[in-house]
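Please go through this structure with me, taking each label in turn and asking what stands behind it.

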Amino acid sequence: MTDYDASEFLLLSGIQHFEFCERQWALIHIEQEWEENVLTIEGSHLHEKADDPFIREKRKDVLYVRGLPVHSSKLGLTGICDVVEFHKDPNGVPLQNEEGSYLPVPVEYKRGRPKKDQSDISQLVAQAICLEDMLYCKVPRGELFYHETRRRVEVEITEDLKNNVRKIAQRMHEYYARRHTPRVKTGEHCQSCSLRHICLPELLTKESVARYMKRMLAE
Amino acid sequence: MRRLLNTIYVTTPDAYLALKGENVLIIKDDETIGRVPLHNLEAICTFGHQGASPALMAACVEQNIAIVFLTSNGRFRARVIGPSNGNVVLRKTQYRISDDEQKSAHIARHFLVGKLYNAKWTLERMTRDHALRIDVEKFKRVSAHLTESMKQLMTIDDLEVLRGVEGNAASAYFSLLDDMILQQKQDFFFKGRNRRPPLDNVNALLSFAYSLLSTEVGAALEGVGLDAYVGFLHRDRPGRMSLALDMMEELRSVYADRFVLSLINLKQVQASDFLKKESGAVLMTDDARKKILQLWKDKKEEKITHPFLKEKISWGLVPHAQALLLARFIRGDIDAYPPFLWK
Ligand code: SF4
């Protein structure tokens, strides 16, 4: 697999859109159909974190880094990790200005509660791959923290999960290269989709226009 | 489908528009004569020679609210556009189609079929509702002509030929417009279309209604990310909203003509609403314009069932629905552009 150039990077956060609905992802990331431009959101997100006094904090054997920009040329994705915990660990890697070796653990904060689909996990796994590529180390696990339920969910970063993310990233790039907004099976998830007023999911199952014209003109 | 948001029309000719917090202020002679929250606004249309503050323009651009400047006759002057206008992918595809005569013709003929279909059913409605007042046979004849022309249109791939067929059919339809005026005949008559300036009351009304409609269609197209200036049937011409004109074709009779006819036939306008200038130009009084805008607004609230979407929407959303459908076609989600076919 050839590496992507930085100019081709897509937003890592798009993974959750993509897993929710490929069409939704395309509408947001290819067609930029978003009330609030995603890039602006990413920007303000970064800004908030930069203002955070605890941007780098050390407690005992753990170093907490917030708002860490990450990317992977192999995935062709770029994004920001909410928090990466660096745990002192003999299997880890040395860090600039720190003693000993550390193992990174990405922690992603989610406003809501755990979702039915895989998307949060995939996003975390993508972050883990980015960290692995950037630090040349293994990232065996990550954590999801759900604000609404105050629950921490530990996620083991398995080879299967990573392969799945690689496949997703590849598909995202294929669509992006063709600037293609896929048609998809519509369903219950459309009810909660914020883009349904421009997607018009009903339209994807409508009679053809050719038939419509024929029918109307015949009357 | 999106909700129908509000459009405010500022008809006071020398008012100035400004921003205060989240409100538009309408200021005249240093006094605030109106205040409208931006929230839930879709567009601000101002008639006459007023201005608007840059702060208001910026706020509107950010919140996707169109500011449209019109002359006091309702002719389009300018619209404020922000720094980025959305969907580049969609626009590039639109331009590519526009550069391709044959692809353009395929869309254009659907606009025109829509136009003739709606004209036909405007005539058919008259024969049904007012059979005793009109020459039914004459109406049926033109109606049949329109049906024939539609069939013909569907087989044509050439823009010039399309225009020819449409031109004939349209003049046949217009030949009956005067017959559809059933009240106040001494003050309202139609001998043919004239504009810039309109020379009689009916033409003044038609011009006004068309410009309201084109403004709304233009805004709807831009709202879904299309370029209202790049058309398929109407070719590019500087400053002309060609695509808005294209899409307007199918709505003219059913939206604007019927509106004008009902103003006259229901005696919602009178001869005293018009002024004749020395030059022969006919102008509407300020009060008439206000009254008509209110009725236009009322019409926009009326509900219909969209023939293709089969969804109940208000008349005011029809331009938006058609713009969405066109964008959907250009994006490749549907096999063709479905015109709004009214009955
Ligand atoms: S409405 Fe349904 S099909 Fe359309 S983008 Fe949303 S989830 Fe996907």
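Q: Are B:Trp315 and B:Phe340 buried or exposed?
A: B:Trp315 is buried, and B:Phe340 is buried too; the word buried means under 20% relative accessible area, exposed means over 50%, and partly exposed lies in between, with a 1.4 Å probe and protein chains only. This is a predicted model, in which local features need pLDDT of at least 70, side-chain atom pairs count only at pLDDT 80 or more, and totals for chains, interfaces and linings use all residues. Side-chain values use heavy atoms, with hydrogens and water left out, residues are numbered from 1 along each chain as its sequence is written, and chains are lettered from A and ligands numbered from 1 in the order in which they are written.

Q: What makes B:Phe174 and B:Phe190 a stacked aromatic pair?
A: A search of the whole structure finds 13 aromatic pairs over all chains. In the pair of B:Phe174 and B:Phe190 the rings are 5.6 Å centre to centre with 25° between the planes; rings of Phe, Tyr and Trp (its six-membered ring) pair if their centres lie within 6.5 Å, and planes under 30 degrees apart count as stacked, over 60 as edge-to-face and the rest as tilted, so this pair is called stacked. The pair links distant parts of the chain, 16 residues apart, with B:Phe174 in helix α5 and B:Phe190 in the loop between α5 and α6 of chain B; helices (H or I, at least four residues) and strands (E, at least two) are DSSP runs, numbered from the N terminus.

Q: Why is B:Phe174 called partly exposed, and why does B:Phe190 count as buried?
A: B:Phe174 has a relative accessible area of 24%, and is therefore partly exposed, whereas B:Phe190, at 7% relative accessibility, counts as buried.

Q: What kind of aromatic pair do B:Trp315 and B:Phe340 form?
A: Their rings are 5.5 Å centre to centre with 65° between the planes, and the pair is edge-to-face. Ring pairs also link B:Trp315 and B:Phe340 with B:Tyr255, B:Phe259 and B:Trp296 into a cluster.

Q: How do you know that B:Lys299 lies over the face of B:Tyr255?
A: B:Lys299 lies at 5.5 Å from the ring centre of B:Tyr255, and a charge sits over a ring if NZ of Lys or CZ of Arg is within 6 Å of the ring centre and within 35 degrees of the ring normal.

Q: Why can the buried residues of α1(B) be said to line one face of the helix?
A: The buried residues of helix α1 of chain B are B:Leu56, B:Ala59 and B:Cys60. Seen down the axis of α1(B), they fall within an arc of 100°, so they line one face; the arc is that of the directions from the helix axis to the C-beta atoms. The face turned away from this buried side carries the exposed residues B:Pro54 and B:Glu62.

Q: Why does B:Thr215 count as buried, and which residues does B:Thr215 touch?
A: B:Thr215, in helix α6 of chain B, has 6% relative accessibility and so counts as buried. B:Thr215 touches B:Cys45, B:Val68 and B:Leu70, not counting residues up to four places away in sequence, where contact means heavy atoms within 4.5 Å.

Q: What is the area buried between chain B and chain A?
A: The area is about 2,400 Å², of which carbon and sulfur atoms give 62%; buried area is the accessible area (1.4 Å probe) that two parts lose on being put together, summed over both.
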